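This briefing covers helix packing, a sheet and a salt bridge in one structure. Please keep the sequence and the model in view while reading.

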Amino acid sequence: SSLRMEPERLSNREALLERISSGCHELDGPKAVGVSASLAQLDSPVRICLVGLGRAGAFHMQSLRFVGARVAQLVCVVDTNLELARRTATEFAASDCVARATLEEVMADVALAGRVDAIIIASTTDTHYGLCKLALSASKATFTEKPISHHAEEVDEVICLAKAARVPFLVGYQRRCDRNFRAPRHRAAGGCQEPPNTLAGALSVGALRDLIADGALSPEPGRHGVRVIKCTSRDNPRPPEEYLRTSGGIFHDMLSHDFDMIHFLTSEIPDEVFTVGHCYDPAIAALDDVDTVVVTLRYASGLLATVDSSRVAAYGYDQRVEVFGERGMLTAQNESRHTVELATAAGHLRPCTEWSFPERYRHTYTVELTEFLNMVRNEPPLVEEDRLLERHALLGAVARAAERSWREGRNVKLAEVA
């Protein structure tokens, strides 16, 4: 099964739990407010309510199984398919897990709500806004799959609720947790050492964000030196139509990840975007969407970026990033299914890339969960800075600008849609 989490593709379980216990966290690379606490040695695990038992929910259950009940317990599952919820609750009976059809039912049950420390929202995208409001209004630590909403005013409302609640709130852009795009940048506290601020030190870490931050492309300290970023983001296989109908379209569903990745690497938001696109799939065209897109982004610093995206790639899941700067170039390549290469007189035969995102990013869901658990169990709870919460509104505006550019055939300034 594509959802099966293979241990050899993940960090060693004990090493991962040791990272949790030592307080080393990787929140966004960006600074988070507070200092991590030990999770693995706590008397009581984090008690979780999981909303949505579809594809995304299955990833989170795999992560919960991996970290183990001494770190996190699933005490409630919510799904509109109540029979599915009941079957799932039976599997986690050791933690007295119960099933409910809606999150409203959970919050209305005072005793049950009191058992919940944190809520993970993995339901369909069109439900995230209402569920985030409900969870944050109850002052529950909240992890939601992206997007918060497709509507700017709803995103703003949720961000305001998160700021006011001062509880952990994370949005699941899992590529930020990928080992190729980021490596742990542990604080000196708790025995975690910051890698040296040298090119050699950065290379020993081996992730794009660290290399950029450590000045690999810039001759001047304090400046990233990046001039051009090229993202390739080609999905595979094409998602089912049922998913596409509620996905928000290619700009909000797929390209939002790439806009977020560029921000993750540079901390910059573009001033202007231009998009061209075409639709080869009649079923997608019937949804007033496209399946093949190229977006160009211009930034105030002079940085230029492009993203080419497709709903399908016959050869596998294609996720590459190239970063060009003053001193050279950084490239994050695709991951292959294995490392065996056949060489004969006829040439070299290399393995295919990973087939789809569950294989390519299987380890990131566990990293996300461990970081969220660190936030929840810190005293006081660890929360992102306001500016990091506000990026969700800004990056939503980038997606809207890209879509408008495609529809209107012109450059669109971010100020027009922000």
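Helices H6 and H7 pack with their axes 10 Å apart, at an angle of about 15 degrees. The model is a predicted one.

**H6 and H7**

- Angles under 35 degrees count as roughly parallel, and H6 and H7 are therefore roughly parallel to each other.
- The crossing in which H6 passes H7 is left-handed.
- On the H6 side, the contact is made by Tyr129, Cys132, Lys133, Leu136 and Ser137.
- These residues meet Glu154, Glu157, Val158, Leu161, Ala162 and Ala165 of H7.
- Sorted by class, the residues of this contact are seven nonpolar, one polar and three charged.

**The sheet and its helix**

- Six strands form an open sheet in the order E4-E3-E2-E5-E6-E7, and their pairing is parallel.
- Strand E4 (98-100) and strand E7 (169-172) are the edge strands, each pairing on one side only.
- From one strand to the next, the twist averages 20 degrees.
- Strand E6 (residues 141-145) pairs with E7 in the parallel sense, over four bridges.
- Within E7, Val171 is the bridge partner of Thr144.

**H12 and H16**

- Helix H12 (residues 255-266) and helix H16 (residues 386-408) have axes that come within 9 Å and cross at roughly 130 degrees.
- That angle makes H12 oblique to H16.
- H12 passes H16 in a right-handed crossing.
- From H12, the residues Phe259, Asp260 and His263 meet Arg391, Leu395, Val398, Ala399 and Ala402 of H16.
- The residues of this contact divide into five nonpolar, one polar and two charged.

**Salt bridges**

- The structure holds 30 salt bridges.
- One of them joins Lys163 and Glu390, whose closest N and O atoms are 2.5 Å apart.
- Lys163 lies in helix H7 (residues 152-165) and Glu390 in helix H16, so this pair ties together parts that are 227 residues apart in sequence.

How values were computed: Residues are numbered from 1 along each chain as its sequence is written. This is a predicted model: local features need pLDDT of at least 70, side-chain atom pairs count only at pLDDT 80 or more; totals for chains, interfaces and linings use all residues. Side-chain values use heavy atoms; hydrogens and water are left out. Two strands pair if DSSP finds at least two bridges between them. Helices (H or I, at least four residues) and strands (E, at least two) are DSSP runs, numbered from the N terminus. Axes are lines fitted to C-alpha atoms, for helices over the stretch in contact, and angles run from 0 to 180 degrees between N-to-C directions. Angles under 35 degrees count as roughly parallel, over 145 as roughly antiparallel, 65 to 115 as roughly perpendicular and the rest as oblique. A crossing is left-handed if the near helix is turned anticlockwise from the far one by less than a right angle, and right-handed if clockwise. Contact means heavy atoms within 4.5 Å. Ala, Val, Leu, Ile, Met, Phe, Trp, Tyr, Cys and Pro count as nonpolar, Asp, Glu, Lys and Arg as charged, and the others, Gly among them, as polar. A salt bridge is a side-chain nitrogen of Lys or Arg within 4 Å of a carboxyl oxygen of Asp or Glu.
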